[in-house]
Amino acid sequence: MAYLESRRNIAGSACGLAGLALTFTGAAGAYWPVVVAGLYGAGALIAPPERPAPPGFPGASARLEEVRGDFEELRGYLADVELSVTAAARLRELTVLLEALLDRGWRAELLAHDPEGAHVLARIVRRDLPEAVDSFVRARWWTRMTPGGEAPELHLERQLGLLRGEAERLAEGLREAEARRQASHTRYLEDRDGAV
């Protein structure tokens, strides 16, 4: 069945039809079956080869959708963790920023065309933030068993601050890309207006 739709069969059939046209005009003579079969075979041989379909990797928008789902799962995990007031405030600031970056709409389209930015966002959501909170929860348990060391809250607050800084740099990069796009459009309109 696949051969019927192949390029070889289509090219061979077209050449075979040309052979039938030669037969009806009388150019093929008594050997018309050989001419039609020969032209079909020649067409099948000169047809371009079938090329395999490229793999269907998910697009950038689909990858961002997966990160959105992971972020929702992460928010459920973070809601169950008991944090200090300062750490909870820093976590809230970070999650609000991440939520804004992952929001659907024109921002998501801009982020979808920035593979490095999408990677940074996915790394924060999938690895860095869960690791920071999980290591805090584990260290806090050990600190309660053997008090006297550095408070795990301090490390968590620093880590959340660093992650927020990384997310802010990502947002700033996206803002700059939009500013460049706007300036480019302004120059285009000015050039077009000057050409008139």
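Visitor: Which residues is T95 in contact with, leaving aside its neighbours within four places in sequence?

Guide: In this predicted model, T95 is in contact with F71 and L78 once those neighbours are left aside, where contact means heavy atoms within 4.5 Å. Local features here need pLDDT of at least 70, side-chain atom pairs count only at pLDDT 80 or more, and totals for chains, interfaces and linings use all residues. Residues are numbered from 1 along each chain as its sequence is written, and side-chain values use heavy atoms, with hydrogens and water left out.

Visitor: Why does T95 count as buried?

Guide: Buried means under 20% relative accessible area, exposed over 50%, and partly exposed in between, with a 1.4 Å probe and protein chains only; T95 has 13% relative accessibility and therefore counts as buried.

Visitor: Where is T95 placed, and what are the buried residues of α4?

Guide: T95 lies in helix α4, helices being DSSP runs of H or I with at least four residues, and strands runs of E with at least two, numbered from the N terminus. The buried residues of α4 are A87, L91, L94, T95, L97, L98, L101 and L102. Seen down the axis of α4, they fall within an arc of 160 degrees, so they line one face of the helix; the arc is that of the directions from the helix axis to the C-beta atoms. On the other side of α4, V85, R92 and V96 are exposed.

Visitor: What makes α3 roughly antiparallel to α4?

Guide: The two helices pack at an angle of about 160 degrees, with their axes 11 Å apart, the axes being lines fitted to C-alpha atoms, for helices over the stretch in contact, and angles running from 0 to 180 degrees between N-to-C directions. Angles under 35 degrees count as roughly parallel, over 145 as roughly antiparallel, 65 to 115 as roughly perpendicular and the rest as oblique, which is why α3 is called roughly antiparallel to α4.

Visitor: Which residues of α3 meet α4?

Guide: L64, V67, R68, F71, R75 and L78 in α3 meet L91, T95, L98, E99 and L102 in α4.
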